[in-house]
Amino acid sequence: MMRLPYFEYRAPRSVREAADMLASAPGSAMLVAGGTDLLPNMKRRQQVPSTLIGLRQIGELKEIANGDGLRVGAGVTLTTLVHDARVQAYTGLWQAAAQVATPHLRNMGTIGGNICLDTRCNYYDQNYEWRKAINFCMKKDGETCWVATASHRCLAVSSTDTAPALIALGATASLVSANGRRTIPVADLYRNDGIHYLTRQPNEILEAIHLPPLDGWRSTYWKLRRRGAFDFPVLSVAAAVKLAADGTVEAARIVLGAVASRPVETPDAAALLVGGPLGDAEIARVADAAARPARPMDNTDFSLVWRKRVTRDFVTYALHELRGDDVSARRRSIARRLL
Ligand SMILES: Cc1cc2nc3c(=O)[nH]c(=O)nc-3n(C[C@H](O)[C@H](O)[C@H](O)COP(=O)(O)OP(=O)(O)OC[C@H]3O[C@@H](n4cnc5c(N)ncnc54)[C@H](O)[C@@H]3O)c2cc1C
Ligand code: SF4
């Protein structure tokens, strides 16, 4: 049985108190929300904070509120999120959140924890003894990247389901520290580095996500995983389009998940859609362009060549769905074929 290492646990009652605690323990404290990612990582000694600052007692983090769009507190559980009718209107986010892990894990896991989820790699997501046997790796305790030994940076994969969906929807995030608050696009929370994958400062707490008003936007999320019941994504496509009354695309965003250390936006491909209809020819052209930046590495499940090929297919299915085609049979057959 893997045991947790010793740590001090602190339970602030407000974001302000949590920010002060974080500021007083720079580098040695970590935030914990549902703990569904962090606690298994601590058992495997991938992350070993000496202090955990629990966010579960902070009521203000658990609210979903109407405003100019929707404000979702970082401590809202994925189950609450998925059952909220206002969130369900943001279809892509709802589909992404509903496919995270299992019902039990969604009961505990929060949207904030999902957004800040650690990056993943076959050489890293192993117990301590396994990692020790290969002399560890650059992400924790070692020096070499076993995926690409010449690489100077870790290539671990961004595996959050909700981040690509939030970026496709144009969401922003507010971060709070003892020094104040700042709001940035969710897209700017990430960098393409498997170790330093967040631009969030160590003293900052993710406080809330702001979803802009729907204003004619439709969105969807497609996820590739080994088991239909639960599994991390090894490829995902989040797409959103704003359509005029005659079906002309006024704006579009396509974001790829699990193909790099951060969600990958494809603005050039999305721009090809603008000003025209969502016709078969346009969709085929855009799917080719959107798949181009996908560079899956050989450090998760399935062959990387095949994952790259599926990127094109998923963009196609996503855009067909957004123009109103019935793609339910396609979704079912993907889940069945991979079991
Ligand atoms: C078997 C299994 C399957 C899973 N499948 C999936 C999956 O399919 N898709 C997926 O996306 N995830 C999956 N997960 C991971 C995890 O369950 C979810 O990502 C969950 O949403 C994490 O939320 P949490 O609140 O439990 O995060 P925690 O474990 O509490 O925290 C995760 C990270 O976020 C940081 N953090 C948490 N809250 C904040 C905050 N407010 N501000 C700043 N930092 C914060 C923590 O410090 C930590 O680094 C799976 C986990 C397991 C064990
Ligand atoms: S990509 Fe390389 S450095 Fe990063 S976790 Fe995997 S093996 Fe380690």
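Me: Which residue is the bridge partner of L70 in β8?
Reply: In this predicted model, L70 is bridged to L211 of β8.

Me: How many bridges join β5 to β8, and in which sense do the strands run?
Reply: Strand β5, residues 69–73, is joined to β8 by four bridges, and the two run antiparallel.

Me: What about β6 and β8, how many bridges there?
Reply: Strand β6, residues 172–177, pairs with β8 over five bridges, again in the antiparallel sense. Within that pairing, S174 has A208 of β8 as its bridge partner.

Me: Is β8 mostly covered or open, and how many of its residues are buried?
Reply: Strand β8 covers residues 205–211 and is mostly covered, with six of its seven residues buried.

Me: Which side chain does R71 meet in a salt bridge?
Reply: The side chain of R71 meets that of E207, with an N to O distance of 3.9 Å. Because R71 belongs to strand β5 and E207 to strand β8, this pair ties together parts that are 136 residues apart in sequence.

Me: Is E207 buried or exposed?
Reply: E207 counts as buried, at 7% relative accessibility.

Me: How many salt bridges does the structure hold?
Reply: The structure holds 18 salt bridges. One of them is between D141 and K140, at 2.8 Å from N to O. D141 is partly exposed at 46% relative accessibility, whereas K140 is buried, with a relative accessible area of 19%.

Me: And K242, with which residue does it form a salt bridge?
Reply: K242 forms a salt bridge with D215, and their closest N and O atoms are 3.3 Å apart. K242 lies in strand β10 and D215 in the loop between β8 and β9, so the pair ties together parts 27 residues apart in sequence. D215 is exposed, with a relative accessible area of 53%.

Me: Which residues are joined into one network by salt bridges that share partners?
Reply: That network consists of R44, R120 and D125.

Me: Back to K242. Which residue is its bridge partner in β11?
Reply: In β11, K242 has A251 as its bridge partner. Strand β10, residues 235–243, is joined to β11 by eight bridges, and the two strands run antiparallel.

Me: What is the order of strands in that open sheet?
Reply: The open sheet has four strands in the order β9-β10-β11-β12, with antiparallel pairing. At its edges stand β9 (217–224) and β12 (264–265), each with a single partner strand, so one side of each is left without a neighbour in the sheet.

Me: How do side chains sit in a regular strand?
Reply: In a regular strand the side chains alternate between the two faces of the sheet.

Me: Switching to helices: what span should α11 have, and how far apart are its end C-alpha atoms?
Reply: Helix α11 has twelve residues, 280–291, and should span 16 Å at 1.5 Å a residue. Its end C-alpha atoms are 17 Å apart, which agrees.

Me: Which residues of α11 are buried, and what covers them?
Reply: The buried residues in α11 are I283, V286, A287, A289, A290 and A291. Their cover includes β11 (249–257), α10 (267–273) and α12 (304–322).

Me: Where is V157, and is it buried or exposed?
Reply: V157 is in the loop between α8 (128–133) and α9 (162–168). It is buried, with a relative accessible area of 3%.

Me: What does V157 touch?
Reply: Setting aside residues up to four places away in sequence, V157 touches T119, R120, A258, V259, A260, S261, N299 and T300. V157 and A290 are 18 Å apart in space, C-alpha to C-alpha, and 133 residues apart in sequence.

Me: And E63, where does it lie and what is it in contact with?
Reply: E63 lies in the loop between β3 (51–54) and β4 (64–67). Leaving aside neighbours within four places in sequence, E63 is in contact with R71, V72, G73 and V76. E63 is partly exposed, with a relative accessible area of 46%.

Me: Last one: which residues make the nonpolar surface patch?
Reply: The patch, of about 260 Å², is made by L4, F7 and Y9. L4 is found in the segment before β1 (8–10) and counts as partly exposed, at 34% relative accessibility.

Conventions. Residues numbered from 1 in each chain as written. Chains lettered and ligands numbered in written order. Predicted model: local features only at pLDDT ≥ 70, side-chain atom pairs only at ≥ 80, totals over all residues. Heavy atoms only, no water. Patch = residues over 30% accessible without salt bridge, like charges linked within 9 Å, V, L, I, M, F, W, Y side chains within 5 Å. Areas by Shrake-Rupley, 256 points an atom, 1.4 Å probe, with all protein chains shown as cover. Salt bridge = Lys/Arg side-chain N within 4 Å of Asp/Glu carboxyl O. Buried < 20%, exposed > 50% of the residue type's maximum accessible area, 1.4 Å probe, protein only. Expected span 1.5 Å × (residues − 1). Contact = heavy atoms within 4.5 Å. Pairing = 2+ DSSP bridges.
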